[in-house]
Amino acid sequence: MNTEADVKQLQEEIVGFWQSQDGPGYMSIQGGMTMPVGSSETEHIRMWIDDGVLIGSNAGGPADYDVIFEAATEDPAWRFRSREQGGEVLSPTLTDQELEVVMDCALEDLPRLVGRADIAVPTGVMHLTLRLVYLGDIGMYGIGEWETVAHGRKAIIRKPVSMSKEQ
């Protein structure tokens, strides 16, 4: 995924309609409070390319927003581990070791995408960052991070996210 041609091919493979599901995770609130957060309903995402930029939209979902994706060619290696394993997510559906076994290659060798969006919410703006690994026919998997301010305190929600292409 180091060349412009690689990124373009990846984008073209991803174009289409996807189902997205986030699993249980947690919310950290400034001041040291952490609490569990449940799964969300399945969302239907349309992925398309506009002027060379990969965009995902959940129009018709609970919030209407677009996510702008870019290839994560410069990011350091990602790890999907539970907090007990020294990671950031409470109970990932798949760990990085499991992904490497399933895909028969190192996690950092898989195509990776970072998506970002700013979502209007009653308290202001929620910043979304999705870090997804593209797994070919299997779909995409990664971590979603939603950051906002609640009652004057910074709050971050982290959840595992899995996406599968609709047939």
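The model is predicted, with a mean pLDDT of 82 for the protein. Its largest pocket holds about 430 Å³ of space and is lined by 26 residues. Strand E2 is largely enclosed by the rest of the structure, because four of its five residues are buried.

**Confidence of the model**

- A pLDDT of 70 or more is reached by 84% of the residues.
- Among the elements of the protein, strand E1 has the highest mean pLDDT, at 92.
- The lowest mean pLDDT among the elements, 80, belongs to helix H1, which covers residues 4-14.
- Where pLDDT is low, the predicted coordinates should not be read in detail.

**The largest pocket**

- Of the 26 lining residues, Asp 22, Glu 43, Tyr 65, Leu 128 and Trp 146 lie nearest the centre of the pocket.
- Two or more lining residues come from each of the strands E1 (16-22), E4 (43-50), E5 (53-57), E6 (66-71), E7 (112-121), E8 (124-134) and E10 (153-165).
- Strand E10 gives the most to this lining, with four residues.
- Sorted by class, the lining comprises 17 nonpolar, five polar and four charged residues.

**Strand E2 and its partners**

- Strand E2 spans residues 25-29 and pairs with strand E3 (residues 33-37) in the antiparallel sense, over five bridges.
- Within this pairing, Met 27 is placed opposite Met 35 of E3.
- Three residues lie between the strands in the hairpin of E2 and E3, where Gly 31 takes a positive phi near 110°.
- Strand E2 also runs antiparallel to E10, and four bridges join the two.
- Ile 29 stands opposite Ala 155, a residue of E10.

**Two buried residues**

- Leu 54 belongs to strand E5. Its relative accessibility is 1%, so Leu 54 counts as buried, the cut-off being under 20%.
- Leaving aside residues up to four places away in sequence, Leu 54 touches Gln 11, Ile 14, Met 47, Trp 48, Ile 49, Val 67, Ile 68, Phe 69 and Leu 113.
- Leu 54 and Gly 115 are separated by 61 residues in sequence, while their C-alpha atoms are 9.0 Å apart in space.
- Val 133 is a residue of strand E8. With a relative accessibility of 0%, Val 133 therefore counts as buried.
- From Val 133 to Ile 143 the separation is ten residues in sequence and 9.3 Å in space, C-alpha to C-alpha.

**Two exposed loop residues with positive phi**

- Asp 51 is located in the loop between E4 and E5. Although Asp 51 is not a glycine, it has a positive phi of about 55°.
- The relative accessibility of Asp 51 is 73%, so this residue counts as exposed, for which the cut-off is over 50%.
- Asp 104 is located in the loop between helix H2 (96-103) and E7. Its phi is near 60°, a positive value in a residue other than glycine.
- Asp 104 likewise counts as exposed, because its relative accessibility is 70%.

Methods: Residues numbered from 1 in each chain as written. Predicted model: local features only at pLDDT ≥ 70, side-chain atom pairs only at ≥ 80, totals over all residues. Heavy atoms only, no water. 1 Å grid on protein atoms, 1.4 Å probe; cavity = no way out; pocket = protein on both sides within 12 Å on 5 of 7 lines; lining within 4 Å. Points joined across faces, edges and corners; volume = space filled by probe spheres on them. Nonpolar A, V, L, I, M, F, W, Y, C, P; charged D, E, K, R; others polar. Buried < 20%, exposed > 50% of the residue type's maximum accessible area, 1.4 Å probe, protein only. Pairing = 2+ DSSP bridges. pLDDT = per-residue confidence, 0-100. Contact = heavy atoms within 4.5 Å.
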